[in-house]
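The exercises below each set a task and then work through it step by step. Look at the sequence and the model before reading the solutions.

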Amino acid sequence: MFILKNGRLVVGDGRTPAFTGSLVIDGDRIAAAGPDDYTGGLDDTVVDLGGRLVLPGALDCHAHAVAPGPRFASGTPGVSLPEVMGNLRRHLSQGHTTVVDLDGFKLPAETTQVTGQPVRVASSTVHFEPMFQAADAADGSGLTAAHRDMTAAAMADAGAVVIGEVGAGMTLGGGGQDYLYIPAAVEKATGTRLTPAQSKALKYAVLGRHIRPGAPDTGAVRRLLTEYGLAERLPVADAVALIEDSVLPSFQTALDGLVRSADLAVDLGIPTLVHNSAPSDEAARTAAKVAGPLFIGGHTNHGTFSADEAVASARYIREQGGHVELDTFDAWGRRELHAAPEHLIALVQEGLVDVIATDYASGHWDGVFSAVEAIVGVGLASLEAAVAMVSGNVARALPRLGDRGLLRPGRLADVVVTSPRHPSDIELVIVGGEVVLAAEGSGLREPAR
Ligand SMILES: [Zn+2]
């Protein structure tokens, strides 16, 4: 047996008060988690944690680019295998022991290419119409015949844990447009590459944050083009057409796909995780009503919402029995796409959060324990409640992850050990009973087994 003693255990169910005790691991499963001070037998490996926190490994249900193959609901070509492996190392160092790859067009054969590293990668599916059609309208260049022949039902049979991500920033005028397609289109037209923030400002001037065509604010467009040094090279009318041509072709089709995903969730018995944002709010509500507990409102703290809109959306989802998911984006680190975590804080304050995940943030996502630390640090939620948002609650929203997410006998021994005052300082990560990461300077080493 592998025994972690003298730890401060947080079960992950959001109810059991944290307690000082031991976690006993037998093979790849948890054998016991209790206040007893197990001393262990001769054959046991015992590590004294000196009061450190022992938490369930985080289940990140909203990740991208964690396996080779097409990305996002736009079917964008994938990143290289080395970059994928780098992304998974980043997840591991953030204490995420399971990540759900929400690039729903991938095939099982692509996801199994990352089995040689410790993070468990679960798959999703958007292999249905009109999702293919929406992808092609935005991009679709990463989709092969094999991707197009796959079906959601076959993916569910092969173990996909969720339908998603249904819609995306790329197909619904969100952040994916700001860091991917709009900068590329402007660069092609002018030779200048805009930052995501500049692209977003231009997009809002043309379509507003609800993506409503036909009433561009040409004064604002002119002002921005001057500010970006593009006024000479890009006339206002051309800029308006460029933004519309980038954002609009996939937009309505992606909304149709979002609504359709609710029926599919009911048919297949797995949840649908949708791109929830101001432009997709209405479609998301329609889907939530149909799917009920099989609905997950992805990043309900999306930057296109006002704080009030985000709260109203979360309330509606809860009324339908669905789950509210928030993402960290890059709110604590780079702050390029999302300057501050204020919507996240507002939703936690209202008690409307079920699950916290990461999303991609152009490859600069912050770990979910950063959000846990922030929420607990300002007293918005108890440590027990905040930890549940990244563990037990996720396993409840995605029942196919029900063998993990809690420090309870019989569950998979996927565990993180962190600093008691700084839960985002990940000191030890255990997956399937094996120590897979021991942070330097933590004083915790991989024990000889
Ligand atoms: Zn999204």
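**Exercise 1. Find the salt bridge between Lys203 and Asp178, and state where each partner lies and whether it is buried or exposed.**

Solution. 
- Step 1. A salt bridge is a side-chain nitrogen of Lys or Arg within 4 Å of a carboxyl oxygen of Asp or Glu. Between Lys203 and Asp178 the N to O distance is 2.9 Å.
- Step 2. Helices (H or I, at least four residues) and strands (E, at least two) are DSSP runs, numbered from the N terminus. Lys203 lies in helix H7 (residues 196-207) and Asp178 in helix H6 (residues 175-190); the pair links distant parts of the chain, 25 residues apart.
- Step 3. Buried means under 20% relative accessible area, exposed over 50%, and partly exposed in between (1.4 Å probe, protein chains only). Lys203 is buried because its relative accessibility is 1%. Asp178, with a relative accessible area of 4%, is buried too.

A note on the source: this is a predicted model, in which local features need pLDDT of at least 70 and side-chain atom pairs count only at pLDDT 80 or more, while totals for chains, interfaces and linings use all residues. Residues are numbered from 1 along each chain as its sequence is written, and side-chain values use heavy atoms, with hydrogens and water left out.

**Exercise 2. How many salt bridges does the structure hold? Describe the one between Arg404 and Asp403.**

Solution. 
- Step 1. The structure holds 14 salt bridges.
- Step 2. In one of them the side chains of Arg404 and Asp403 come to 2.8 Å, N to O.
- Step 3. Arg404 has 11% relative accessibility, so it counts as buried. Asp403 has a relative accessible area of 28% and is therefore partly exposed.
- Step 4. Elsewhere, salt bridges that share partners connect Asp101, Asp103 and Lys106 in one network.

**Exercise 3. Which residues coordinate the zinc ion, and how are they spaced in sequence?**

Solution. 
- Step 1. Donors are N, O and S atoms within 2.8 Å of the metal (3.2 Å for Na, K and Ca); water is not among the atoms, so sites may look incomplete.
- Step 2. The donor residues follow the spacing E-x109-H-x23-H. Glu165 is in strand E10 (residues 162-166) and His275 in strand E11 (residues 272-275), 110 residues apart.
- Step 3. Glu165 and His275 are both buried.
- Step 4. Glu165 is also joined to Gly164 by a cis peptide bond, with omega about -15 degrees.

**Exercise 4. Why is the pair Tyr360 and Trp365 classed as it is, and what else is found at these rings?**

Solution. 
- Step 1. Rings of Phe, Tyr and Trp (its six-membered ring) pair if their centres lie within 6.5 Å; planes under 30 degrees apart count as stacked, over 60 as edge-to-face and the rest as tilted. The structure holds three aromatic pairs.
- Step 2. The ring centres of Tyr360 and Trp365 are 6.1 Å apart and the planes lie at 25 degrees, so the pair is stacked.
- Step 3. Tyr360 and Trp365 are buried. Together with Phe72 they make up one aromatic cluster.
- Step 4. A charge sits over a ring if NZ of Lys or CZ of Arg is within 6 Å of the ring centre and within 35 degrees of the ring normal. The charged end of Arg90 sits over the ring of Trp365, 4.8 Å from its centre.

**Exercise 5. How many residues has the largest nonpolar core, and which have the most contacts inside it?**

Solution. 
- Step 1. A nonpolar core is a set of buried Ala, Val, Leu, Ile, Met, Phe, Trp, Tyr and Cys residues joined through side-chain atoms within 4.5 Å.
- Step 2. The largest core has 107 residues, and Val221, Ile356 and Phe369 have the most contacts inside it. Its largest share, seven residues, comes from helix H10 (residues 251-268).
- Step 3. Contact means heavy atoms within 4.5 Å. Not counting residues up to four places away in sequence, Val221 touches residues including Leu202, Ala205 and Val236.
- Step 4. A second, separate core of 18 residues includes Val11, Ile25, Ile30 and Val54.
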